[in-house]
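I record what I looked up, in the order in which I looked.

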Amino acid sequence: MQEVTVTLRFNRVCLGAAKKRRNGQVIFCFERDPADRVMFMSSAWLSCTRYAAKLSNRHHAAVKKIDWCPVVVGEPRKDWRRTILTPNDTGMRSHYALHEAFRPGDTVILSAVLPDDITIADFIHLLTLVGKYRGFSPFNNSQEKYGTFEVIAVEPVAGPGSD
């Protein structure tokens, strides 16, 4: 097994999905841990990596063994406005929903433990497929493809006693 840190840069906005009230206004936020750090759930990454395994026709069983740390290093913007069009009597009405969001160009750092079956090069390939075709966003919308990203780095974490 190999622990790695992953650096991703978003190409499209990555939106929070947990509906909360802040100052009387509804905002879609990211899940947070008790220390108020953003979390990306491992179940969502499993769905993404299963998709990539299907595309590459490799590692179907091994992606289930990736152990994702849910804590994300990165600070989202707290007031991203997503435009919503709804029909009314005179045609379409435009309004917006507020989200916490990682904007295009924002980078985040994640951690994972890879099973022995998946090399770092294979993992980069799987993540590249996810970033290109599916993206990662807790508020995912199949039409919008929120959260597309590029893989900046996947680095092994040195164990104790490594120089």
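How many residues does helix H1 have, and how far does H1 reach from its first C-alpha to its last? I found 15 residues, 42-56, and a reach of 21 Å, close to the 21 Å expected at 1.5 Å a residue. The expected span of a helix is 1.5 Å times one less than its number of residues. Helices (H or I, at least four residues) and strands (E, at least two) are DSSP runs, numbered from the N terminus.

**Entry 1: basis of the values.** I note that this is a predicted model, in which local features need pLDDT of at least 70 and side-chain atom pairs count only at pLDDT 80 or more, while totals for chains, interfaces and linings use all residues. Residues are numbered from 1 along each chain as its sequence is written, and side-chain values use heavy atoms, with hydrogens and water left out.

Entry 2: I looked up which residues of H1 are buried (under 20% relative accessible area; exposed is over 50%, partly exposed in between, with a 1.4 Å probe and protein chains only). They are Trp45, Cys48, Thr49, Ala52, Ala53 and Ser56. Because they cover an arc of only 145 degrees around the axis, they are on the same side of H1. The arc is that of the directions from the helix axis to the C-beta atoms. An α-helix has 3.6 residues a turn, so residues three or four places apart point the same way. On the face turned away from the buried side of H1, I found the exposed residues Ser43 and Lys54.

**Entry 3: what H1 packs against.** The buried residues of H1 pack against strands E1 (2-10), E7 (67-73), E10 (107-114) and E11 (149-156), and against helix H2 (120-134). Contact here means heavy atoms within 4.5 Å.

**Entry 4: H2.** I then turned to H2, which has 15 residues and reaches 20 Å from first C-alpha to last, close to the 21 Å expected. Its buried residues are Asp122, Phe123, Leu126, Leu127, Leu129, Val130 and Gly131. These pack against E1, H1, E7, E10 and E11.

**Entry 5: H1 against H2.** At what angle do H1 and H2 pack? The angle is about 100 degrees, and the axes are 9 Å apart. Axes are lines fitted to C-alpha atoms, for helices over the stretch in contact, and angles run from 0 to 180 degrees between N-to-C directions. H1 and H2 are therefore roughly perpendicular to each other, a term for angles of 65 to 115 degrees. Among the residues that make the contact are Trp45 and Tyr51 of H1 and Leu126 and Tyr133 of H2.

**Entry 6: after the helices.** H1 is followed by asparagine 57, which has a positive phi of about 55 degrees although it is not a glycine. Asparagine 57 lies in the loop between H1 and E7 and is exposed, with a relative accessible area of 60%. I found histidine 59 in the loop between H1 and E7 as well; its phi is near 65 degrees. At 15% relative accessibility, histidine 59 counts as buried. Just after H2, glycine 135 takes a positive phi of about 80 degrees.

**Entry 7: serine 137.** Leaving aside neighbours within four places in sequence, serine 137 is in contact with Cys14, Leu15, Tyr146 and Gly147.

Conventions:
Parallel < 35°, antiparallel > 145°, perpendicular 65-115°, else oblique.
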